[in-house]
Amino acid sequence: MSKRDYYETLNVARNASEAEIKQAYRRLAMKYHPDRNPGDKVAEQSIKEATEAYEVLADSRKRVAYD
């Protein structure tokens, strides 16, 4: 995975709440889900990046370490 800014990946502000982060992730998950985009490598990469960003930003300890 590329080390892109997780806030930029999810398109949220650095002071976003957990609910805003979850909502942004769910929006991207719906857009890039493999069942909606079969065989699309760009969508596959996008969902992987969004998932990685969500895993870090949704966990308060990981988020503090990331910031």
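I began with Glu44 and Lys41, which sit 3 residues apart in helix H3 (residues 41-58) and are therefore separated by about one helical turn. The model is a predicted one, and in it I found the side chains of Glu44 and Lys41 joined by a salt bridge, with 3.8 Å from N to O. Since the cut-off for such a pair is 4 Å between a side-chain nitrogen of Lys or Arg and a carboxyl oxygen of Asp or Glu, I counted this one. I then looked up the accessibility of both partners: Lys41 counts as exposed, at 61% relative accessibility, whereas Glu44 counts as partly exposed, at 34%.

Next I asked which residue also forms a salt bridge with Glu44. I found Lys48, with the closest N and O atoms 3.4 Å apart, and I noted that Lys48 and Glu44 both lie in helix H3, 4 residues apart, or about one turn of the helix.

In the whole structure I counted 5 salt bridges. I reminded myself that side chains of opposite charge can pair when their charged atoms come close.

I then turned to the overall charge and found 13 positive and 12 negative side chains in the protein chain, the centres of the two sets lying 2 Å apart.

For the fold, I listed 4 helices and 0 strands, in the order α-α-α-α from the N terminus on. I checked the radius of gyration, which is 12 Å, and this agrees with the value near 11 Å that a compact globule of 67 residues would have. Along the principal axes, the C-alpha atoms fill a box of roughly 35 × 25 × 15 Å.

Last, I looked at burial and contacts. I noted that 31% of the 67 residues count as buried, and that the accessible surface comes to about 4,800 Å², of which 49% belongs to carbon and sulfur atoms. Among contacts between residues at least 6 apart in sequence, 58% join residues at least 24 apart.

Key:
Residues numbered from 1 in each chain as written. Predicted model: local features only at pLDDT ≥ 70, side-chain atom pairs only at ≥ 80, totals over all residues. Heavy atoms only, no water. Helix = DSSP H or I, 4+ residues; strand = E, 2+ residues; numbered from the N terminus. Rg over C-alpha atoms; globule rule 2.2 N^0.38 Å. Buried < 20%, exposed > 50% of the residue type's maximum accessible area, 1.4 Å probe, protein only. Contact = heavy atoms within 4.5 Å. Areas by Shrake-Rupley, 256 points an atom, 1.4 Å probe, with all protein chains shown as cover. Lys, Arg positive; Asp, Glu negative; His and termini not counted. Charge placed at Lys NZ, Arg CZ, Asp CG, Glu CD.
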